[in-house]
Amino acid sequence: MTKPKQPYEYFTALPDDWGGSIADDGRIHSVREYPQRPPWKGFLMSVYSALTCVLIALLPQDVAKTAIQDELLLTAQTHFGVVDRVEPHELNQPLVTLGHKLFWDARISANKQVACVSCHSAAAGGADAVPQSIDAKGQPTKRNSQTVFNAMLQPSLRWTGDRNSGAHQAEKSLTGSMGFAKAEDVNNVLQEHGYGPLFQTAFPADPNPIRPGNYATAVEAYEATLRTPAPFDKFLLGEVRSLSKRQQKGLQLFIEIGCANCHSGKLLGGDGFERFGIHREYWTETQSRQQDVGLFETTKNEVDKFRFRVAMLRNIEKTAPYFHDGSVATLSEAVRIMANLQLDRQLSPTEIEAIVDFLSSLTGEIPANYSAPAFPDMEFSEMSKPKSEWKIEQ
Ligand code: HEC
Ligand code: HEC
């Protein structure tokens, strides 16, 4: 059996002049004496450490703050995406200028008083400020009007995603909101109001360009230019200061508590379907008068009951009232209800305010081409009047 190593045996590597001596019991008996440190050196050292403390207090905090911001930016970049600016060359296409006129011309409807813009106004962020809008037959729409801004970036349209493109939506509108008995009835109205040459220019290869399909294509081309980049996009592109501290707090909460699990991508929603009311029935919170079964209505599939498209949140600050039935008047109430229904979480008023503040960073400028254009054979535009003066039958 080998003898356990004595402590001093570890010191064999010590230089000869290390200054100490080791006794037989392995204990160190004396070490070389060092000269006393002069007092001024001690003073200098304490000044030095005081200065370092001050620097640590200032600098690392700043560094730490930037690190937190960078982390938030990186996390945000994994959840969300940027809405591109509209380039000038996109606007000057014959198809787009034609679509612009069609979208704004109230004469192109069954009662000659309802345009697309009637229910998608700039003041309401491209949506309508009432729970239900009145269509060209004088009937209220079934659900709340959604914004047309950025809408073309979604894979399907409307609260239940039952339209697969802007053109599909626009063509269906002819017999829906615009009140025509048949989609083809729009042809004569377009001829009558001098749209012939514009359709010819926009569809040069088509011998018979005035027809519902082309009407729809032009409207869709115009809608595709209605994009609204916002301060949040600048943030995502690295300009962290585009969001105030409270907005950043709101963004962090939005991600942490799980809003971003549904509301993600470029539009913070718009691309999936979820049950509205996961933890409790939605109408208990929204006080809705009617229960809307959502997707179930067409699929008759039990899992689709109360399922709706996850609403996009771009310009959400401007598009009150909220939810598919416009049952909730304010954004703070909508946020409170969402947290309660979808995440079973009761947010404090401060948390709600921070999220609402963050959501306001999704408000972009009204697109430059979202104003009344000149119409063919019409000098004066009805739409240039304030909405209160429009002759919409109630
Ligand atoms: C009478 C009011 C009214 C008129 C007029 C109207 N809309 Fe709408 N719009 C609505 C309502 C309400 C919805 C939501 C419908 C739904 O989901 O059930 C909607 C939805 C949409 C959407 C889907 C947005 C999204 O995020 O999915 C688009 C795009 C749209 N409308 C474009 C148009 C165009 C183009 C016209 C003209 C051809 C038009 N609207 C005319 C009321 C109107
Ligand atoms: C499980 C998925 C899910 C989660 C989680 C979720 N939402 Fe929603 N959100 C939806 C759906 C679906 C709708 C559409 C509801 C309807 O039919 O009106 C919606 C609608 C909204 C609306 C109204 C949109 C409009 O145009 O009227 C707001 C605002 C909103 N959500 C914010 C939030 C916030 C904030 C959170 C986190 C507290 C959150 N959501 C969490 C799925 C979700």
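Author: Gladly! Helices here are DSSP runs of H or I with at least four residues, and strands are runs of E with at least two. Counted that way, the chain has 14 helices and four strands. Please keep in mind that this is a predicted model.

Reader: What share of the chain counts as buried, and what makes a residue buried?

Author: A residue is buried if 20 or more other C-beta atoms lie within 10 Å of its own. Of the 394 residues, 37% count as buried. As for contacts with a separation of 6 or more, 68% of them join residues 24 or more positions apart.

Reader: How do you know whether Ala151 is buried or exposed?

Author: Ala151 has 23 other C-beta atoms within 10 Å, and the cut-off for buried is 20 or more, so Ala151 is buried. Ala151 sits in the loop between α3 and α4. Leaving aside residues up to four places away in sequence, Ala151 touches Gln146, Leu157 and Glu223.

Reader: Why is helix α3 called largely enclosed?

Author: Nine of the 11 residues of α3 (residues 94-104) are buried, so the helix is largely enclosed by the rest of the structure. The buried ones are Leu95, Thr97, Leu98, Gly99, His100, Lys101, Leu102, Phe103 and Trp104. Their cover includes α6 (196-202) and α7 (212-223).

Reader: What makes α3 and α7 roughly perpendicular?

Author: Their axes come within 7 Å and cross at roughly 100°. Angles of 65 to 115 degrees count as roughly perpendicular, and therefore α3 and α7 are described that way. On the α3 side, Leu95, Val96, Leu98, Gly99, His100, Leu102 and Phe103 take part, and they meet Tyr215, Thr217, Ala218, Val219, Ala221 and Tyr222 of α7. By class, this contact has 10 nonpolar, three polar and no charged residues.

Reader: How do you know how α9 is oriented relative to α14?

Author: The axes of α9 (residues 245-256) and α14 (residues 349-359) come within 7 Å and cross at roughly 100°. The range for roughly perpendicular is 65 to 115 degrees, so α9 is roughly perpendicular to α14. From α9, the contact draws on Arg246, Gln247, Lys249, Gly250, Leu251, Leu253 and Phe254, while α14 brings Glu351, Ala354, Ile355, Asp357 and Phe358. Six residues of this contact are nonpolar, two polar and four charged.

Reader: What else packs against the buried part of α14?

Author: The buried residues of α14 pack against α13 as well as α9. Those buried residues are Ala354, Ile355, Val356, Phe358 and Leu359. The axes of α13 and α14 come within 9 Å and cross at roughly 115°, and the crossing is right-handed. Leu331, Ser332, Val335 and Arg336 of α13 make the contact with Ile352, Ile355, Val356 and Leu359 of α14. Sorted by class, there are six nonpolar, one polar and one charged residues.

Reader: Now the ligands. What makes a residue part of the shell around ligand 1, and how many are there?

Author: The test is a C-beta atom within 6 Å of the molecule. For ligand 1, 27 residues surround it, the closest being Cys116, Cys119, Leu157, Arg158 and Ser177. Helix α4 (166-175) gives the most, with four residues. The classes are 11 nonpolar, 11 polar and five charged.

Reader: Which residues are closest to ligand 2, and which element gives the largest share of its shell?

Author: The closest are Cys259, Cys262, Phe308, Ala311 and Phe323, out of 26 residues that surround ligand 2. Two or more residues each come from α10 (259-262) and α13 (331-343). The largest share, six residues, is from α13. By class, this shell has 19 nonpolar, six polar and one charged residues.

Technical notes:
Residues numbered from 1 in each chain as written. Chains lettered and ligands numbered in written order. Predicted model: local features only at pLDDT ≥ 70, side-chain atom pairs only at ≥ 80, totals over all residues. Axes fitted to C-alpha atoms, helices over the stretch in contact; angles between N-to-C directions. Parallel < 35°, antiparallel > 145°, perpendicular 65-115°, else oblique. Contact = placed C-beta atoms within 7 Å. Nonpolar A, V, L, I, M, F, W, Y, C, P; charged D, E, K, R; others polar. Buried ≥ 20, exposed ≤ 12 C-beta atoms within 10 Å, placed from the backbone. Left-handed = near helix turned anticlockwise from the far one by under 90°.
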